[in-house]
Every structure is written in structure tokens, then in C-alpha cells.
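Dear colleague,

I am handing over the structure below, together with some notes on its aromatic rings. Please keep it open while you read.

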Amino acid sequence: MPRISLTASVALTPPGGRNRNRLRPATFGVTDLRVSTPEGSSSRCHLPAPFQAPGGGEDGFHFAPEVEPAGVAYRLTNTAGLARAGKLELFTRYQKAPLWTRELSTEELTAGDHRLPWDGRVPVCEAFPDGVVTVEHSPYKLKLTLQGSGWAECPVAWTYFHVLVDGLDLELGDPRVLARPQHRELTTSLGRLPAPGQRAELRLVSNLFKTDPLEMKGDVDFRQYRATWGNGPELPLLARAWVKDSRGRRVDAPKALGRVRFLWDWEDEAEDVTRHAPRARAFLEHALQRQCTASRPKGDNAHKDVGGKRGTPSSAVFPRQQGYAPQATPREGAFPFRVVPCKKRGWAAYSEAWTSGAFAGRTGVLFQPSRIAGDAWRVTVQLAYDRRRDGGVVLDVEDDAPLPAAVRASTGVLETWREVHISRIVRKHPSVSGFSLTTVQEQFARAFLRLVDRSGGVSELEAADYNARISKALKSKKLPWQARAAIDPAVDQYATGSHALTFRTHAEFLAAVKREKRCDDAALPRLLAAPRVSQPLTEDWAYNRQCKDWAKDILATAFDDGPGGEPGILLLQFSGLYNLERESGGIPVNGFSKDFPSRSRTRCVVVQCGSATSYSGNSNTLEQTIAHEIGHQLFLPHAPFPLHRIPGGATPAGHDRDGSDCLMGYDFSVERRLCGLCLLRLRGWNSRSLNSDGSRNRYP
């Protein structure tokens with residue numbers, strides 16, 4: 001049997017009373033145990049039955065390790081010094097073995113109240129790599145156990161405390177963590193993340209133009225855009241995690257985060273198509289519903305088979321990142337945080353935080369939405385507990401519904417747009433008709449394409465520069481000799497009027513040919529029927545018509561600054577293309593687009609040469625002409641409308657078969673706007689995966 005030490009207690013009684021000797025056994029035990037802060041908040045003490053624990057405190061007590069002073073307060077009974085040893089042990093939710101143990105000293109085992117200063121620091125170990133209790137293992141059970149000889153009245157007590165994340169703040173990261181300049185530029189231009197309820201445009205600069213008319217009939221536009229932006233833009237999204245101190249305040253305690261994981265997820269923002277004309281709206285509705293029921297997560301962002309990321313499962317929006325160990329100076333062009341995809345919720349990802357260094361207290365992902373314009377996303381981040389033994393929700397699940405979370409942060413809507421630049425707007429004379437650029441821009445905004453004016457305003461051509469350009473173009477070997485003979489080099493092309501070019505009359509042209517070739521009239525039919533000339537130029541009507549094509553070639557050659565020129569669209573304005581367009585056989589032209597002879601992919605020219613009098617009696621406008629020609633440079637072919645006058649080069653398969661009001665057609669009886677298939681093509685969809693019959697696009 002264990003020895004029991006007794007102490008004698010003698011009580012003196014007044015005269016006439018009885019003397020009583022009382023013998024009380026010596027005991028030791030714990031009567032109180034708490035974690036508390038100087039402000040007075042504390043955890044609640046627990047004792048085993050049948051002992052009654054003291055009141056006060058709460059099981060939800062929390063504090064901020066390392067940055068907030070706290071302490072372990074306890075009370076012992078030890079009447080004869082029988083308690084020989086004592087230890088504090090720290091347990092987490094799922095492990096039976098303690099994470100940390102501290103032995104009490106002899107002085108700390110004496111009877112009475114004790115307070116051990118403790119701010120959450122523990123020895124560095126596998127569970128606590130920074131030597132601080134962390135969010136990762138919270139909630140904690142702190143247990144005090146005594147050992148000794150004699151009667152142990154209550155040798156054990158325990159209490160609970162938490163290390164809590166109070167909130168997450170989302171922010172746009174430093175662009176220097178990105179490897180490619182274009183992603184850095186995008187991040188810089190975005191500036192900040194949209195807050196919930198706000199919307200921000202991710203503008204992908206894509207000055208990509210056709211270099212050959214045949215490219216309008218294929219998928220060169222899709223392939224060029226894919227080559228430029230790949231799997232989509234990259235944005236560094238960071239989340240700053242705040243720890244809650246004992247008074248409920250947010251504090252910066254990065255080491256308290258430990259290796260807790262954060263779950264990054266995204267939701268699809270439904271597109272509003274009510275702004276479109278009825279025919280385009282019907283086409284879009286079918287296309288946007290493409291395999292919607294089979295996709296996870298659900299939504300109407302572009303499906304994978306047309307170039308987007310939605311599917312089963314969706315393509316990675318948070319690509320895997322290796323990350324690297326925290327350091328004071330981040331690496332240039334390297335993403336700092338480790339990111340891994342979820343096992344079941346494959347479109348989501350986990351990340352870990354830095355507990356020290358330049359990004360202490362932060363975690364993050366590379367957000368890589370699709371490059372398809374019009375796709376819209378909302379990003380969320382929350383604490384990731386993928387195991388719950390308290391009946392809660394398992395987070396790494398296949399269900400694509402938003403997950404519940406007490407601590408969560410969300411962005412507003414991030415919407416992908418394309419951005420194409422107007423590099424210059426130049427007119428020959430002040431008398432040239434102006435136009436509403438806003439109206440032109442609105443046509444392309446329906447396709448989530450921002451036509452951005454970087455011209456600095458309309459400027460006028462200088463006489464010397466214009467004449468020099470035309471003179472240089474006429475010397476180009478890419479022009480047929482007949483075109484050079486059609487223009488008198490002595491004529492001041494700038495001074496002859498607001499039209500673009502002045503050609504010799506037919507009679508003057510024939511005389512110039514005879515002088516240059518030293519021939520007579522009999523030789524003219526042979527000379528003027530060369531393969532590069534489409535008409536027999538011995539006739540005045542044929543010559544007047546041919547000058548139209550020569551004028552286009554000359555202007556394109558004159559303003560071709562080569563690959564080193566400013567990217568974007570050069571918009572030239574004249575009142576009339578050439579002086580002979582009203583003569584027999586001549587053809588007035590309201591506008592045209594032309595590929596540069598240098599075949600520049602990033603530069604193009606659009607020429608507007610219709611006057612105000614060119615638009616009357618129908619629904620055609622100067623702005624529609626300009627937008628129509630810009631559409632050509634963006635790879636859109638002619639639409640086959642109207643049926644009684646189908647434009648040359650029309651491509652029925654490249655347009656909504658019901659879109660007779662398409663901007664790329666010539667039906668001037670209605671206001672023309674881009675048809676549904678044109679809208680999707682400009683957004684970056686693969687047109688080869690689409691059908692001109694809109695009803696067949698929902699299920700391929």
C-alpha cells in the first residue's frame with residue numbers, strides 16, 4: 001500500500017468544552033489551470049469528475065502567439081510537498097501524443113498560485129517549424145499532470161485555447177514575381193483587385209492583324225492569339241492572413257500561421273447577353289451553353305474545345321508552383337509560394353504561407369484565367385481544413401458548389417478583354433469628314449474588345465511628308481510599272497485636293513506609256529494587257545477602274561513603316577480615294593483595309609475615303625464603314641448578305657446563317673452590327689469548332 005503522510009491538528013476549546021484531536025491526510029493536486037492574458041481574458045479550467053472546476057474563462061479563448069504576452073496560470077495543493085514531478089503537455093485535435101512537453105521545476109510545484117510567462121513559443125520541431133504554436137494544429141489542449149507520493153486528490157487538469165485567423169485580405173502581388181514582361185505589364189495596368197461587387201477588365205493587348213486576305217477564311221486568328229497569350233494571362237494574387245488576439249483585434253503574427261493551407265477556388269460569373277441584337281443574342285446563348293451540364297464547375301465561360309478552360313474537369317486556373325523558402329529579398333521572376341492542385345476538387349488549389357521574409361504573413365497563387373475575352377471569374381480563398389472530426393464539412397470534395405467557410409475572402413469579377421490599339425488617326429485636309437470614334441469602339445466592345453485610341457487625337461498630314469511617301473512608294477518594285485506610269489511625278493499630290501491620289505487622265509496615261517516604252521499606238525494593247533493588270537487598259541473605263549486598285553496599293557506601300565513601326569491600326573482619312581472615281585468606269589470607295597507590303601503582323605492600315613455625301617438614303621454610316629474595315633484586319637471575312645448582292649469573298653460558314661444584319665455584310669437597309677459568330681471569333685473562340693447554325697453549338 002502507498003504510504004500516507006498525516007499531519008496533526010490540535011484545536012483549543014474554551015473552559016467547560018471538550019478537547020478534539022483532528023488528523024488530516026496530506027494531499028497534492030491541481031485546483032486550477034488556465035491560459036490568460038494581462039487584460040484579464042482566460043481559458044476555462046477542466047477537472048476530472050467528481051471534482052468541481054472553478055468558474056470563469058471560456059473554451060473559445062484565443063490569443064496571438066509570439067506577438068501577444070500571455071501566461072499559464074495554475075493553482076496547486078501540496079500540503080506536505082508530496083508532489084515530486086509535474087509537467088505541462090500540449091495536444092492537438094488528432095494526435096494522442098503530445099506536441100510539446102515542459103517539466104515543472106521544484107519551485108513551480110509548491111502549493112499556491114503560479115504564473116508562467118508564455119507567449120506561445122515552443123521548441124522548434126516538426127509540428128512547429130518556427131517554434132510557435134500555430135493555426136495549423138488549433139484548437140489546443142494544455143494539460144497539467146502531477147506525480148508524487150501520498151494521496152493525489154486531483155493530479156490532473158486541462159484547458160483549451162485556439163490560434164485563429166481573424167480574416168484574409170486579398171491583394172494584387174508584385175509583378176516582379178512574374179517571368180514574362182507581358183504578364184508584368186498586365187498586372188501593372190490592372191493596379192488593384194476589384195472588391196466584391198466591383199468589376200475589373202483584364203485587358204490582353206493583342207495587336208494581331210491579317211497579312212493575307214486568305215487568312216480571313218481559316219483559323220489563323222485563333223492560332224496567333226493562342227501563340228501570344230498561351231494558356232492565359234498570369235496575375236499574382238496574394239492573401240494576407242491576420243491572426244486574432246485575445247481582445248478580438250487583427251494582428252500581424254506570421255509565425256502563428258505555420259504550415260496551414262489555404263484553399264483557392266473560383267466561380268464563373270454568368271454573362272448578360274441582353275445588350276445584343278436578337279439574332280446575335282440567340283447565337284450567343286447557344287454557344288455559351290456549350291456542354292454546360294457536363295462541366296465542373298458550371299458556368300458559361302468558354303469551353304475547352306473552343307479555346308477556353310471550362311470542361312470536365314476544368315483546365316488549371318491556379319497552375320502548380322514550386323515556390324521557394326522564405327527570404328528577405330524575393331527572387332526576380334520566380335513565384336514565391338508553393339501551390340498544388342486539390343486531389344478531388346481539381347480546379348481548385350492549395351497554397352502555404354510564408355512565416356518570415358519579404359512575404360511574411362502572406363500566401364498566394366498565380367491566377368491564370370483563359371485568354372478568351374468575355375470569360376468572367378470570381379476568386380475566393382479560405383482556410384483549408386480537409387479533415388474534420390467534429391461533423392463539419394470536408395473541403396476537398398468533388399462537388400462544385402461554393403464551400404462554407406468562416407474565414408474567406410473574395411475578389412470582385414475579373415473579366416477578360418482583348419485590347420487593340422489605334423496607333424494614329426491622320427487626315428489629309430481639315431475638310432475631311434470627322435467621325436465618332438466612340439461609335440466605332442462600341443461595335444467591338446460588344447465582343448469584349450477594347451479599341452483603345454493611342455493616337456493622341458486626329459492629326460493632319462504635312463505636305464512634304466505626304467509627297468515624299470507617295471514618291472517613295474512609286475519607286476517600289478512591288479508596284480507594276482503601269483501604276484508608276486499612271487501618276488505624273490511632277491504633280492504635288494498633297495495640293496491636288498482632299499482625295500488621296502491624283503492620276504493622269506487616260507489620254508495622258510497612254511502618252512506616258514508610249515514615251516517610257518518608246519512605242520507607238522499599235523504596241524499599246526500588248527503592253528497594257530500584262531498579267532498583273534486585270535483589265536485591258538487601252539479603254540478609258542478599264543483604266544479608270546484599275547486606278548482604284550493601284551491607289552490602294554500605293555497608299556499601303558507609302559505608309560508601311562515596316563516591323564519597327566508603332567503597333568496598332570493606322571487610320572487614314574481622305575475625301576475620296578482618287579480623282580477618277582466619278583469618271584466612266586471609276587468606282588467611288590467609302591473605305592478599305594489593306595495589308596502592308598512588309599506583311600507586318602502587329603500593324604495595319606485602314607483607309608476611310610467616303611465623304612458626308614456618301615451616306616444618305618440608307619442605314620449605312622461612316623462609322624460602320626470604318627468598323628467594317630477594321631473587322632477585315634481582325635480576320636473577319638465578308639458576310640453573304642444581302643443575298644441579291646453578295647459581297648466578293650463572302651464566307652457563309654464564317655457567319656451566323658441568320659445574321660443578315662452582320663456588320664461584315666452589305667445590307668444597308670438595316671443598322672449593321674457584328675453577328676454572333678463574328679463576336680465569338682473576336683473574343684478568341686476557335687471558329688472551326690463553331691457552326692453557322694447557332695442551334696448546333698450547344699452540343700457539338
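A charge is said to sit over a ring if NZ of Lys or CZ of Arg is within 6 Å of the ring centre and within 35 degrees of the ring normal. By that rule the charged end of R450 sits over the ring of W417, 3.9 Å from its centre, and the charged end of R261 sits over the ring of Y350, 3.8 Å from its centre.

This is a predicted model, in which local features need pLDDT of at least 70 and side-chain atom pairs count only at pLDDT 80 or more, while totals for chains, interfaces and linings use all residues. Residues are numbered from 1 along each chain as its sequence is written, and side-chain values use heavy atoms, with hydrogens and water left out.

Rings of Phe, Tyr and Trp (its six-membered ring) pair if their centres lie within 6.5 Å, and planes under 30 degrees apart count as stacked, over 60 as edge-to-face and the rest as tilted. The count by this rule is 24 aromatic pairs. In one of them, the ring centres of F128 and Y140 are 6.3 Å apart and the planes stand at 40°, so the pair is tilted. Both F128 and Y140 are buried (under 20% relative accessible area, with exposed over 50% and partly exposed in between, using a 1.4 Å probe and protein chains only).

F509 and Y543 form a stacked pair, with 4.5 Å from centre to centre and 25° between the planes, and both residues are likewise buried.

Finally, F61, F63, W100, W118, F128, Y140 and F161 form one aromatic cluster.
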